[in-house]
Amino acid sequence: MKTAAITAVGHYAPDKVVPNSTYTAYLQTTDEWIVSRTGIRERRFLEEGGTSDLAVGAARRALAMRGIGAEEVELIIVATVTPDMFFPSTAALVQHKLGAKNAWGFDLSGACSGFLYALATGVQFIQSGTYKKVLIIGADKMTSIVDFEDRNTAILFGDGGAAVLLEPSEEEGYGIIDWVNYLDGSGEEALHMKAGGSRNPATHETVDKRWHYIHQDGKAVFKVAVVGMADVSEEIMKRNNLTGADVAWLVPHQANMRIIRATADRMGVDMSKVMINIDRYGNTTAATIPSCLAEYYADGRLKRGDNVVLAAFGAGYTWGATYIKWSI
Ligand code: COA
């Protein structure tokens, strides 16, 4: 059966660069601490607008790369945990801003694994023969939910968007070959945003208690993320008879360099074959994986025929891996 292939990629990083040094005095942290514990040196902030603007910026680049107009897109899936608003969906706002008048679409909440969840969903619409052009976007304006008085999380996150276009694969054996995704809702306690939803709607009290921000037990998440990402990466390699040597690129979610190294280690993949941009963008949640693909493709390092393994872990807990034979 022919599968779906990524035929274009686009990345949108906001202009404002925020280096670690911005935090050091008022959060009593140091550049050295942040770099050694996370691998992050700077991140980008979107100063005006919402997640849909990050998504549109990325989508425009992907469509321009493919040389098609927005009206050719049939479905838009936006993976995000920072929608512009509860409703309408960010996908609706993106559809309108892009002028993708023939597309329907929806948002998907999979946190840091959101792009992989959205990719697996989009593949179904292509494989079934329903659609020929599906836009998958991972975008998050994390600064809208970061507590800048909490040094445990403030130093980790940034804003960004990235998009891929999915089309039927032209050639057998190329495109998205396999994927595996997981969900374990017992992760709620360690990583969540308490208020703003239907359980705890916004009140003065929820604001006073700082419940509209990310709450993360970093140590607990770190432990499960290391195991989860490594396990699922190993699983997808075994299922597809891949050794570390067969993998041209591991594309891990960019949350922490130490988690990335541990995953590469377990897979037997040398760090020279691991896509990394956490140093320049921090954790942009749903955008990290497609932003790596876009950057490495743009500068020629990611090439047709490469075996690419995507792997993510995030809030939920959500986690997963995808195996792609890169086709462009
Ligand atoms: N600067 C200086 N010290 C800091 C700090 C900062 N920015 N943030 C935390 N610390 C302190 C803590 O207060 C703690 O001090 P204590 O020992 O006196 O209590 C100490 O550093 C160690 O904290 P710890 O949480 O053990 O650090 P860590 O090595 O686990 O690193 C994270 C913290 C958040 C970087 C790490 O846990 C992490 O990356 N977690 C997973 C994040 C993730 O993958 N999320 C995935 C979904 S988005």
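**Close-up 1. Arg 239 and Glu 235 pair up through their side chains in a salt bridge.** In this predicted model, the N to O distance for the pair is 3.8 Å. Both residues belong to helix H8, and since they sit 4 residues apart there, about one helical turn separates them. Arg 239 has a relative accessible area of 45%, so it counts as partly exposed. Glu 235 is partly exposed too, with a relative accessibility of 26%.

**Close-up 2. Lys 133 and Glu 167 form a salt bridge, with 3.2 Å from N to O.** Here the partners come from distant parts of the chain, 34 residues apart. Lys 133 sits in the loop between H5 and strand S6 (134-141), while Glu 167 is part of strand S7. Are these two residues buried or exposed? Lys 133 is buried, and Glu 167 is buried as well. Look around the pair and you'll find a network: salt bridges with shared partners connect Arg 66, Glu 72, Lys 133 and Glu 167.

**Close-up 3. Arg 304 meets Glu 171 in a salt bridge, 2.6 Å from N to O.** Arg 304 is in the loop between H11 and S12, and Glu 171 is in the loop between S7 and strand S8 (175-183), so this pair ties together parts of the chain that are 133 residues apart in sequence. Arg 304 is partly exposed, at 42% relative accessibility. Glu 171 is partly exposed at 38%. How many salt bridges does a search of the whole structure find? The count is 16.

**Close-up 4. Helices H8 and H9 pack against each other at an angle of about 35°.** Their axes are 9 Å apart, and the crossing is right-handed. On the H8 side, the residues in contact include Phe 222, Val 226, Met 229, Ala 230, Ser 233 and Met 237. Among the H9 residues they meet are Arg 258, Ile 259, Ala 262 and Met 267.

**Close-up 5. The largest nonpolar core has 41 residues.** Which of them touch the most other members? They are Tyr 23, Ile 214, Ile 236, Leu 250 and Val 309. Helix H8 (218-239), helix H9 (257-267), strand S12 (307-314) and strand S13 (318-325) are the elements giving two or more residues each. H8 supplies the largest share, with 6 residues. Why does this core lie between domain 1 (4-168) and domain 2 (175-325)? Because both domains give residues to it.

**Close-up 6. Tyr 23 has contacts with residues from several places in the sequence.** Leaving aside residues up to four places away, Tyr 23 touches Val 18, Gln 28, Thr 29, Arg 43, Phe 45, Phe 148, Ala 154 and Ile 155. There's also a second, separate core of 35 residues, and its members include Leu 119, Ile 176, Trp 249 and Ile 324.

**Close-up 7. Helix H11 (residues 288-298) is mostly covered.** Of its 11 residues, 9 are buried. Among the buried ones are Ile 289, Pro 290, Cys 292, Leu 293 and Tyr 296. What do the buried residues of H11 pack against? Their neighbours are strand S1 (4-12), helix H5 (114-127), strand S7 (159-168), strand S11 (249-252), helix H10 (278-281) and S12. Just past the end of H11 comes Gly 300, with a positive phi of about 85°.

Technical notes
Residues numbered from 1 in each chain as written. Predicted model: local features only at pLDDT ≥ 70, side-chain atom pairs only at ≥ 80, totals over all residues. Heavy atoms only, no water. Core = buried A, V, L, I, M, F, W, Y, C linked by side-chain atoms within 4.5 Å. Buried < 20%, exposed > 50% of the residue type's maximum accessible area, 1.4 Å probe, protein only. Domains from an automatic or database assignment. Contact = heavy atoms within 4.5 Å. Salt bridge = Lys/Arg side-chain N within 4 Å of Asp/Glu carboxyl O. Axes fitted to C-alpha atoms, helices over the stretch in contact; angles between N-to-C directions. Left-handed = near helix turned anticlockwise from the far one by under 90°.
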